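Please open the model in a viewer and follow the stops below in order. Each stop names a selection and then states what is found there.

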Amino acid sequence: MPLTAPRRTALKKRARRTRAAAALLLASSASFGLLLSAPGPAEAGSNLLVNPGLESVRPDGLPTCWQKSGWGDNDFTVTSTPDAHGGAKAMAVSITRRVDGDRKALMVEDTSCAPNVTPSHQYDLSLWYKSTTPDASITVFRHDVKDGWQYWTDLKTLPVAGAYTRTEVRTPVVPPGTDQITWGVSVYGTGTVTTDDYAMEDATQPAPGDVCTAGAACTKGSWAVMPFKNPVRSMHSVVLHNGKVLLVAGSGNDPAMFKAGTFTSAVYDPKTGKMKTIPTPVDMFCGGHVQLSDGRVLIMSGNKDYPAADGSHGYKGLKDSYLFDPASESYIKTNDMNDGHWYPSATILGNGDVITFGGLREDSTGSVTAEKFSQAQQKWLPLNEVNQTWSYWGLYPSMVLMQDGRLFYSGSHVFGNGTPGTGASVYDYGANTIKDVPGLQDKDNRDQSASVLLPPAQDQRVLTMGGGNVNTNPEANRRTDIIDLKKPDPRYTPGPLLPQGTVDQGQGPKPQTGAQGKMYVSAVLMPDGKVLETGGGLHDRADPVYEASFFNPATDTFQPGLATDPIPRTYHSSAFLLPDGRVMAVGDNPGNGTFDDHVSIYTPPYLYKGARPQITSVASDKWQYASTQRITVDRPIVKAELIRPAAVTHSSDPNQRFVDLPLTVGSDGKTIDLNVTSNPNLAPPGWYMLYAVDAAGVPSVASWVHLGGPEAMAAPMVHHFAGDMAQTAKKSQPKRASAQVDAQISGCDRHYGAANVCVPTKFPKKVAATPQARCQWLKSHGYKNLKVNGKEDPLRLDPDRNGRACG
């Protein structure tokens, strides 16, 4: 049977790995001398395992308290063997043919065999092994007292080793509700891994004493408004790999600037506090952006035109695309996209390509064209080279890359209703199929909600928070939803309600009541593993909410009552993590067309807990997948992670992710080997902030490292998660040019004011449907000199018919 192109490619990759494995067998001591000279445990302790030497054997021939497990289409054997490191027996896992899946030598999930663990503790796991395949890893499962046994994480890729080699790795902090774990070796490529002499010891580091003397800031943190102003109306914020911040305005939602061709950007340096304005070639207002693997920023589309006063057209999307180069601090033109995309998504894939959906075309209709930017070719691919479903995903649809390369559309979007169906989906680009995901609450009121892939990315859980609807303009909600994409048939389940703060509806801040929540939510992944949610508003471009909290993924609870940003942060605001562990917030663009140019900085409670750990050295800042990377620290740490720098706008940054780096800790407690995932879908190639965190949750200042480079010798460890979805695939749309959208898609009645002024199509419910009540609301929210565009006055704001609304 002739080989297909994908099959030939797969065989070539397998051959490369086989050749690499053979070379490593001959030169393993030379190639891995630094990283495989395994340091000893942090301190001597008792081995917590039953039958760690595999000497006791059951009647079926396998070691007592050990089992064979795994999944997929492969031929394998799991046996006891006399080829031991110590004693007379070891355990061998062999795969001779593999299409997919893995096979494991794993501890039995039984109360008499699985070691007991204590939540909040960490454990050093070690074993002796030899291997003929680079496709093997240490895998851990945990027993949740409520939900039973479940996959936890993969800790370390095992390099090929011709002779017995000791390897060691430390678990993350054991999650609440966990009483036992099991672990062992997963093999997911052809070859044999033989293991022996397992050990597990408690390696918990005591937390430093509480030395905070900062009063309320010890638990709430603190905000400071900077003494300088933002020189641009920044709608888009990108943290660059040199630590600076790119702030993009374009015309800044200002038609006068657009008409004059005045488009602006700025680069902010947090170390010096200086702002530098950058010449900007086109109106990048409300475009999309994503960081490429080389650290340059791909910026796509933007604003071709503002809405016409007579309603003949709405906003128009550009086809233009640019790269921003942090080194030269300048924009570089790429080829055009196939379609206009005002408000597009932007998601980087595991191979470095970028995929984008949605937005408005050059004629103000909805774009149904999927676009792909090729990392290899450094250009947007022609339409016939990109899979198309001809689906309209809306504006800024939040598309999160899953561990197997599929995309999860979380339901977070901008303007109006969610997508038809359940409002959330899984899109398989390779199969070109869309399957709905059930459970998202109130899917048509998640406009400008926030969705984040919760820490760590290995857990594959997404949190969606808040939202509203600019067209119907109800009070924004408090709903949150959580989905576990590791489940066979994942579905959203309700999470805890957003905490409430105060809201200013034109008469000063007052406590929120009832079901009042917020839209325009900012969500920031923090180095201690929590999520900061901050900012927001109660209605369309109005009524700022002053509230901030931490969401803890370990407990699925909010810590309310944090210090709040004194500056309103509603539409066109953003908040993002800086390399020093603080959070920066910019922007606010209410419906009256004004823009707040204050810059705020949040100092989290962890920075009030005394001295910070320091990363004193990084052996290399160029990292490859499935590798081990050495750092040194000035004192013991409990975890390290990579956080992808922000590229955020309109509550949306689907590429934001926190990737756990399991530790192997030297006997001095300060020499740390970090074990890097083999899966680029968990950590797409590019620059990351590397943080080291101590037992009190205090992070170091980030070091910058680049993940990518040559093809890894180990294959990606991809799991069969979300593989049994009950929903049938949606039928593809027939090929079409566009989708019709409501002329009032942005929730603005264009009969009044200028293009950047948003008189709501629907006023809040508490506002009576009278000219007097509506005009009073507009006055209290800063609207001035509203003219009537044309002869129609649908909201009856000009009873005198003098051409002035509320005149």
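A contact means heavy atoms within 4.5 Å. By that criterion, residues 24 or more positions apart account for 65% of the contacts in the protein with a separation of 6 or more. This is a predicted model, in which local features need pLDDT of at least 70, side-chain atom pairs count only at pLDDT 80 or more, and totals for chains, interfaces and linings use all residues. Residues are numbered from 1 along each chain as its sequence is written, and side-chain values use heavy atoms, with hydrogens and water left out.

Begin with the whole chain as a C-alpha trace, which spans about 100 × 70 × 50 Å along its principal axes. Next, colour by secondary structure: the protein has five helices and 56 strands, taken as DSSP runs (H or I, at least four residues, for helices; E, at least two, for strands) numbered from the N terminus.

Then select the buried residues (under 20% relative accessible area, 1.4 Å probe, protein chains only); they make up 61% of the 807 residues.

Which residues touch the most other members of the largest nonpolar core? Select Leu 532, Phe 576, Leu 577 and Met 584, in a core of 51 residues. Such a core is a set of buried Ala, Val, Leu, Ile, Met, Phe, Trp, Tyr and Cys residues joined through side-chain atoms within 4.5 Å. Strand β43 (residues 583–586) supplies the largest share of this core, four residues.

Centre on Leu 532: not counting residues up to four places away in sequence, its contacts include Val 524, Phe 550, Leu 562 and Tyr 602.

Finally, move to a second, separate core of 38 residues, with Val 426, Leu 485, Ile 615 and Met 725 among them.

Methods. Buried means under 20% relative accessible area, exposed over 50%, partly exposed in between (1.4 Å probe, protein chains only).
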